[in-house]
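Grab the model and a viewer, and let's work through a few exercises. Try each task yourself before you read its solution.

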Amino acid sequence: MAIFSVYVVNKAGGLIYQLDNYAPRAEAEKTFSYPLDLLLKLHDERVLVAFGQRDGIRGIKFVVLADPRQGGIDSLLRKIYEIYSDFALKNPFYSLEMPIRCELFDQNLKLALEVAEKAGTFGPGS
């Protein structure tokens, strides 16, 4: 299961944070001989889009693009809100409605996404 991207949008509709989380897994190098036997298949991959808005911050929207089979997206949105509150809003150098440029926010968000992908869900104590 995968979480592809996380976006934070301000109340004016401007993108203030973007994280592209999905990196394709590296595979062993394959060598081919000529002529190549190619088989093209149609893949119907879908993406789940989850929106989150918390009552404490009016107008800020959190958007998560994830695999539809990924569980615990609501809990993940709550965790992202908590990380935003702790590391962006409490940062004295951060101004509301401005792009988020905080290393601790990045680190903790990546850690939360990693835990969510491995566990498939977030518990109340995460």
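**Exercise 1. Find what covers the buried residues of helix H2 in this predicted model.**

Start with the helix. H2 runs over residues 103-119, 17 residues in total, and spans 24 Å from first to last C-alpha, close to the 24 Å expected.

Next, pick out its buried residues: Phe105, Leu109, Ala112, Leu113 and Ala116. They sit on the same side of H2, because the arc they cover around the axis is only 100°.

Now look at what lies over them. The cover includes strand S1 (3-9), strand S2 (15-20) and helix H1 (73-89).

On the face turned away from the buried side you'll find the exposed residues Glu103, Lys118 and Ala119.

**Exercise 2. Work out whether Glu117 is buried, partly exposed or exposed, and what its side chain touches through a polar contact.**

Then check its relative accessible area, which is 27%. Buried would need under 20% and exposed over 50%, so Glu117 counts as partly exposed.

Next, follow the side chain. Glu117 and Asn21 are joined by a side-chain polar contact of 3.1 Å.

One more thing to check is Ala66: its C-alpha is 9.7 Å from that of Glu117, although 51 residues separate the two along the chain.

**Exercise 3. Work out which strands S1 pairs with, and in what sense.**

Move on to S2. Here the pairing with S1 is antiparallel too, over 5 bridges, and Val6 faces Leu19 of S2.

To finish, ask how enclosed S1 is. With 6 of its 7 residues buried, S1 is largely enclosed by the rest of the structure.

**Exercise 4. Find which element gives the most residues to the largest nonpolar core.**

Begin with the core itself: 26 residues, with Phe62, Val64, Tyr84, Ile100, Phe105 and Leu109 making the most contacts inside it.

Then list the elements that give two or more residues, namely S1, S2, S4, H1 and H2. H1 comes out on top with 8 residues.

As a last step, zoom in on Phe105. Beyond its neighbours within four places in sequence, Phe105 contacts Tyr17, Ile83, Tyr84, Phe87 and Ile100.

Technical notes: Residues are numbered from 1 along each chain as its sequence is written. This is a predicted model: local features need pLDDT of at least 70, side-chain atom pairs count only at pLDDT 80 or more; totals for chains, interfaces and linings use all residues. Side-chain values use heavy atoms; hydrogens and water are left out. Helices (H or I, at least four residues) and strands (E, at least two) are DSSP runs, numbered from the N terminus. The expected span of a helix is 1.5 Å times one less than its number of residues. Buried means under 20% relative accessible area, exposed over 50%, partly exposed in between (1.4 Å probe, protein chains only). The arc is that of the directions from the helix axis to the C-beta atoms. Contact means heavy atoms within 4.5 Å. A polar contact is a pair of N or O atoms within 3.5 Å; within protein, one must be able to donate a hydrogen and the other to accept it, and residues adjacent in sequence count only if both atoms are side-chain atoms. Two strands pair if DSSP finds at least two bridges between them. A nonpolar core is a set of buried Ala, Val, Leu, Ile, Met, Phe, Trp, Tyr and Cys residues joined through side-chain atoms within 4.5 Å.
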